[in-house]
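These are my notebook entries on a structure that I am consulting for the first time. I set down what I looked up, in the order in which I looked.

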Amino acid sequence: MSISKLQIKSGLVLGSCFFILYVFTLSQHFTGDSLMFASEINTGQLSIMMPRHRVLADTLGYSFVSLWNLLAGSNALLQPLQVFNALCGAIAVVFVFYILTMLTASRKVALLTAVGFGASNGIWLFSIEAEMVTPALAEMIAVLMLAAGFAATRLVRRRHIVVAGLLTGFAILTYAQNLLLVFIVILAIMLSSNRFARKLSDGLLFVITVTVATAAAYFVYFFYVVGHIPLSGASFYQGQGSGLLYGTLSVKNIPYGVYAFLKTVMNYPLLPCDEFTRTFLSSASWPSRLGFMAFELIVLALVVAPLWEIVRSWRDYSRSYRANILLFTVWSALFAAFAFYWVPKDMQFWLPVTAGWWLLAGIGLAHKITHQPQRSWYGAAILIVGLVIAVNFAGSVLPRQSLESNREYMIAVSIKDHTQPQDLVVTISDNRNIQFFSERKTISLLETILCGQASRTDNAKAWMIQQLANEMAVVQKNEGRVFLYIEKFDAEALATYAKVGLIPSDLQYLETIPAWSAYDAEFVEILGLRQYLSDASNQYIQPISLSTSTAEF
């Protein structure tokens, strides 16, 4: 199956429109991961930009930022990263369009479905951020486009198998979780109409291509970036919080995951953009809560309806349709299983599932239009897509257009105004807005204790307090001051921090006085650190006192 020149041109026009849309709606409420990626890329150090579980993610962004600044003669960071994500988000939309034009031969169905996907809350938000999520998504959907062609054709060309293998290897190097794509492509090869022996040889060729390409790339990576090839069973994931904040099995993961998926499709418009859902619901009136529940049930019904129609009409679909319905279903199930396990609350892990759902919905719509032309299925679909666009723009995108309404950014500016370059700011959470925009040295108690756990320290909390004492000693030597950002957490957040060993009583070791307040945020100056006894090591962390300044804020 192929794509005509007219369809290619239509896809390019569609992609250009979405790229312009995303660029003109770039977010001014930056996510923590956006600032994390920007900070890593800003170092320019390969050892920092290339953790082994996402070797290429930062380097792709670094390359685009470098090219941007070379052509523009600037030193920008966040904006070019956002533009790069907007470009990759638009490319992902084009690939969805191409998949459906290839399978359904209906340009209007493919166009409407791709528009719905591009206007979905998840893809729109990550296309206007700097998180380096949409580059990986575009790679994944490109592999899926090849796989869909394999499943629907009689003869799979060997060169296309090699291309799929190389592209899959590239996607794995971008994010290691894309190893799941190997199963998708193998399934697509098995679903093709080739003889069984040819399927086996094609599958073997694909696996060899992926393995050789990925292994060769990792060999170069370990040799030139890491400096050695690890022979021990070191953890492949180099992030913090594995098994504590990420990668856990719990019954709670199910409702969290379902809600996150529904949110990637359409966000509740009355939910403040910088507020957790649980915080919003805890202070909302009962009518507001009922309105929220009604909205989510409507979105759930919209999600389930096309899937139910596909199940009901299964026997009416042709072989190629059935093959790709199975392919998209397995794709969605695999990535949903990973999202449920890894971070069920994070929308970025539900984006592949969202793409799979829109593809299934597009196939279902094309089938309905063909078999029931007397009914206005296309008109109803236009209304639904229009609703998705209006709700997500008004409720998610528009509130993120003003930097002045970005509370965390304004708090960071307040810190910059009230402190000196030699000062230290202590945060409890990993508040990356403060770390990035205050232009002050910061230490996060959460990141520090997680770092201690990742280092397999006997007592991570004692290690955390020792690191804080060391930082305070450096500040004292440089005649600086230390400030603590008093953050407010709800019960669930406190429970999450307790899982990693952080509890409110930990602050009893700090001697503080009030400093200033800004935007409902309180700051105190840390005058000293009381003596702390580590129960595990039976060693004391010596107290430290800081000379206080009489300067007024």
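**Entry 1: two loop residues.** I looked up M132 and located it in the loop between α7 (121-127) and α8 (134-152); helices here are DSSP runs of H or I with at least four residues, strands are runs of E with at least two, and both are numbered from the N terminus. I noted that M132 is not a glycine and yet has a positive phi of about 60°. Most residues other than glycine have a negative phi. M132 counts as buried because its relative accessibility is 1% (buried is under 20% relative accessible area, exposed over 50%, partly exposed in between, with a 1.4 Å probe and protein chains only).

I then turned to E439, in the loop between α19 (432-437) and β2 (441-444). E439 also is not a glycine, and its phi is positive, at about 55°. With 53% relative accessibility, E439 counts as exposed.

**Entry 2: basis of the values.** I recorded that the model is predicted, that local features need pLDDT of at least 70 and side-chain atom pairs pLDDT 80 or more, while totals for chains, interfaces and linings use all residues. Residues are numbered from 1 along each chain as its sequence is written, and side-chain values use heavy atoms, with hydrogens and water left out.

**Entry 3: strand β3.** I asked how β3 (residues 482-486) is placed, and found four of its five residues buried, so the strand is largely enclosed by the rest of the structure. β3 pairs with β1 (residues 424-427) in the parallel sense over three bridges (pairing requires at least two DSSP bridges between two strands). Here V482 of β3 is the bridge partner of L424. With β5 (residues 521-529), β3 runs antiparallel, joined by five bridges. I noted F523 in β5 as the bridge partner of Y485.

**Entry 4: a helix pair.** I examined α16 (residues 351-371) and α17 (residues 377-397), which pack at an angle of about 155° with their axes 9 Å apart (axes are lines fitted to C-alpha atoms, for helices over the stretch in contact, and angles run from 0 to 180 degrees between N-to-C directions). α16 is therefore roughly antiparallel to α17 (the term applies to angles over 145 degrees). I listed W358, L365, K368 and I369 of α16 as meeting W377, Y378, A381 and V385 of α17, where contact means heavy atoms within 4.5 Å.

Terms used: Parallel < 35°, antiparallel > 145°, perpendicular 65-115°, else oblique.
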